Amino acid sequence: MKKVMRIMRVILTLALAAAVVGVIWQRLGPRLEDLPDSAVKPKPLDPAFVRLTPRETATLPLATRFDMPLGSEHGAFTYNARAFRIERHLGDDLNGIGGENSDLGDPVYAAGAGRVVYAGIPHETWGKMILIAHRLPEGDELGPVVQTMYAHLESVRVRMGQIVQRGDPIGTVGTAKSAPLAHLHFEVRIGPYVNPGQGYADTALNRVSPEQFIRAHRGAGGEVLNPAPQKD
Ligand SMILES: [Zn+2]
């Protein structure tokens, strides 16, 4: 009988201890609403694994001509502060000729006809970014798909899936953690993989020189002088 009493006392003590720990845990333990977003929200699909399907590729708008995305269609009133492959750079850093933040808020134009395949903030170092996929005419050695990428934007005026025409305003020049002074980081990428990616790498990856690409795909002679787009 004494033995049974002792066992009962041990069980009671353990139960009491568990209750006390439970109460303390409830009072002091993490609450769902206190947990960081990353712990309770589903993670977005890694964009590295997104690629346009053959059908999506086939239905992309045909881009027969490309223009510069900042300044005039020739890129007048702009300069390239860090060109493609300078210091492992994967794009061109386009600035207004006023330098510093004089181009903050300037309109950014779609370089060619295409479909917006990404519009968002992939990472704070990138800030706001747009990716537009374009279908190149048959026979173009870089085709059938290229993507133009616009990063460090202040504002984004397009949404994913939207069809844009060459010269459509798609956003404005801004800053980001890796771009304290406003400029447009502009890339041209080959192929159907939709991935925000990085701005620097030891090799060119799937990027080509944006300036050279636009020059080769303008489809209009350098003597064609269109008026500079108006800031609206
Ligand atoms: Zn850049």
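Among contacts in the chain (heavy atoms within 4.5 Å) between residues at least 6 apart in sequence, 68% join residues at least 24 apart. The structure is a predicted model, in which local features need pLDDT of at least 70 and side-chain atom pairs count only at pLDDT 80 or more, while totals for chains, interfaces and linings use all residues. Residues are numbered from 1 along each chain as its sequence is written, and side-chain values use heavy atoms, with hydrogens and water left out.

The chain has 4 helices and 12 strands, assigned as DSSP runs numbered from the N terminus (helices H or I, at least four residues; strands E, at least two). Of the 232 residues in the chain, 38% are buried; buried denotes under 20% relative accessible area, exposed over 50%, and partly exposed the range in between (1.4 Å probe, protein chains only).

The zinc ion is coordinated by His89 through NE2, Asp93 through OD and His185 through ND1, at 2.1 to 2.2 Å. Donors are N, O and S atoms within 2.8 Å of the metal (3.2 Å for Na, K and Ca); water is not among the atoms, so sites may look incomplete. The spacing of the donor residues in sequence is H-x3-D-x91-H. Asp93 belongs to strand S3 (residues 92–96) and His185 to strand S10, so this pair ties together parts that are 92 residues apart in sequence. Asp93 and His185 are both buried.

The structure holds 2 aromatic pairs, where rings of Phe, Tyr and Trp (its six-membered ring) pair if their centres lie within 6.5 Å, with planes under 30 degrees apart counted as stacked, over 60 as edge-to-face and the rest as tilted. The ring centres of Phe66 and Phe213 are 4.9 Å apart and the planes stand at 75 degrees, so the pair is edge-to-face. Phe66 is located in the loop between helix H3 (54–58) and strand S2 (78–82), and Phe213 in helix H4 (residues 210–217), so the pair links parts that are 147 residues apart in sequence. Phe66 and Phe213 are buried. The pair of Tyr150 and Phe186 is tilted, at 5.3 Å centre to centre and 40 degrees between the planes. Tyr150 is in strand S7 (residues 145–156) and Phe186 in strand S10 (residues 184–190), so parts 36 residues apart in sequence are tied together. Tyr150 and Phe186 are likewise buried.

A search of the whole structure gives 10 salt bridges, each defined as a side-chain nitrogen of Lys or Arg within 4 Å of a carboxyl oxygen of Asp or Glu. Arg218 and Glu73 form a salt bridge at 4.0 Å, N to O. Arg218 lies in the segment after H4 and Glu73 in the loop between H3 and S2, so the pair ties together parts that are 145 residues apart in sequence. Arg218 is buried, at a relative accessible area of 7%, whereas Glu73 is partly exposed at 22%. The salt bridge between Arg189 and Glu187 has an N to O distance of 2.8 Å, and both residues are buried. In helix H4, Arg215 and Glu211 are 4 residues apart, about one turn of the helix, and form a salt bridge with the closest N and O atoms 4.0 Å apart. Arg215 is exposed at 61% relative accessibility; Glu211 is partly exposed at 31%. Salt bridges that share partners join Arg65, Asp67, Glu73, Arg166 and Arg218 into one network.
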